[in-house]
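Subject: Handover of a two-chain model

Dear colleague,

Please find the structure below, handed over for your use. A summary of what was found in it comes after the sequence and structure.

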Amino acid sequence: MKNLASLLSLVLYAVLSYGQMDTRDTPLKVTMCDLYEHPEQYAGKIVEVRANVSGNDLALDDFSNQKSCSAYMKLHLELPKETTPAPGFDLVRGDAYNELREKLHRGMNVIATYEGRFDPVFVWRDQKRLKVGEGDDKGYGKNHRYDGRIVLRKVSDILARAVPRR
Amino acid sequence: MGKTVGNSITLNYDAVDSVKGDYHLNASEASALDAGLTGHEGTHAGSGPSVFGFLGMHGEKAAYTNESIVYQGLHNTDRPTLLWNESWATLDEQTINQTRDQAVQHVLHPDKVEAPIPHVQGNFPE
């Protein structure tokens, strides 16, 4: 009987652990506006978001529609190996990531879906930069210009179009 | 899409229409593109040829900056060239200008983004 109870406990623990792991690893599908307007809600979580990316520092922005958000964050992508503390996962490198860098290098307008950990530090509301969450107090990236980052785990669904030259 | 020599501005509307089609711009966005392009070329007008022209520089930074300002005034998020995003209006003036400048630099110097090194037998670039 005692052995049976131990076995049941072990099975129950395994099931619960699996459930927690599944919840933690399954990305939350969000929009950039969701992240801007509710950064606390998504802080430290794995999110999946679609946005434009540009520049060497992989700045993220949503240009998909004309509707403005009530808040804003300057976000960029960071690779796990450049991130401290280490995020506990690696970037899934492959054709999609290489394609992203190549299209950017060629000066194209690139939209893609990114999966990664969202780390907010500041949010802009009514022309004021307000502190949110925990992390590096100075912001991320070169000259701490970014209010938050997405530590990239996976990139997919790349749409690249030529930037019209004047 | 445009060319300016002295005070003469020529806009290539075949090229403009091609952009409107590629990006599926709605009527408002299409009108904004016309205005933005005119603002861009207008920046060059009257400047005349200079020694910088021989170096391939034609005041493009100023022209793209003015184009971005046109989009800001029209409350138009610029989907094709990414020069203005309506959500940037939430930033303060100094940060708006920094963000605009960064957007212009991304258009002018896309080659600063490192190209990936083709991977061989599973060795992916760092």
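This is a predicted model: local features need pLDDT of at least 70, side-chain atom pairs count only at pLDDT 80 or more; totals for chains, interfaces and linings use all residues.

Residues are numbered from 1 along each chain as its sequence is written, and chains are lettered from A and ligands numbered from 1 in the order in which they are written.

Chain A

Chain A contains 4 helices and 8 strands, where helices (H or I, at least four residues) and strands (E, at least two) are DSSP runs numbered from the N terminus. Along the sequence the order is α-β-α-α-β-β-β-α-β-β-β-β. Of the 166 residues in chain A, 34% are buried; a residue is buried if 20 or more other C-beta atoms, placed from the backbone, lie within 10 Å of its own, exposed if 12 or fewer, and partly exposed in between. Among contacts in chain A with a separation of 6 or more, 67% join residues 24 or more positions apart. Two residues are in contact if their C-beta atoms, placed from the backbone, lie within 7 Å.

Val110(A) belongs to strand 5 (residues 108-120) of chain A and counts as buried because it has 24 C-beta neighbours inside 10 Å. Leaving aside residues up to four places away in sequence, Val110(A) touches Asn52(A), Val53(A), Leu100(A), Lys103(A), Leu104(A), Ile158(A) and Ala160(A).

Contact between the chains

The contact draws 28 residues from chain A and 32 residues from chain B. On the side of chain A that touches chain B, the elements giving two or more residues are strand 2 (46-54), helix 4 (95-105) and strand 6 (122-125) of chain A. Helix 4 of chain A gives the most, with 5 residues. By class, this side of chain A has 8 nonpolar, 11 polar and 9 charged residues. Here Ala, Val, Leu, Ile, Met, Phe, Trp, Tyr, Cys and Pro count as nonpolar, Asp, Glu, Lys and Arg as charged, and the others, Gly among them, as polar.

Chain B

Chain B has 5 helices and 2 strands, in the order β-β-α-α-α-α-α from the N terminus. Buried residues account for 30% of its 126 residues. Of the contacts in chain B with a separation of 6 or more, 49% are between residues 24 or more positions apart.

Helix 2 (residues 27-44) of chain B has 18 residues and spans 27 Å from its first C-alpha to its last, close to the 26 Å expected at 1.5 Å a residue; the expected span is 1.5 Å times one less than the number of residues. Its buried residues include Ala32(B), Leu33(B), Gly36(B) and Leu37(B). The cover over the buried residues of helix 2 of chain B includes strand 1 (2-5), strand 2 (8-11), helix 1 (13-22) and helix 4 (60-73) of chain B. After helix 2 of chain B comes Gly46(B), with a positive phi near 80°.

Axes are lines fitted to C-alpha atoms, for helices over the stretch in contact, and angles run from 0 to 180 degrees between N-to-C directions.

Helix 1 of chain B and helix 2 of chain B pack at about 140°, with axes 10 Å apart. They are therefore oblique to each other; angles under 35 degrees count as roughly parallel, over 145 as roughly antiparallel, 65 to 115 as roughly perpendicular and the rest as oblique. Val16(B), Val19(B) and Lys20(B) in helix 1 of chain B meet Ala30(B), Leu33(B), Asp34(B) and Leu37(B) in helix 2 of chain B. This contact has 5 nonpolar, no polar and 2 charged residues.

Helix 2 of chain B and helix 4 of chain B pack at about 145°, with axes 8 Å apart. The contact includes Gly36(B) and Gly39(B) of helix 2 of chain B and Ala63(B) and Val70(B) of helix 4 of chain B. Its residues divide into 7 nonpolar, 6 polar and 1 charged.

The axes of helix 4 of chain B and helix 5 (residues 93-108) of chain B come within 10 Å and cross at roughly 125°.

Yours sincerely
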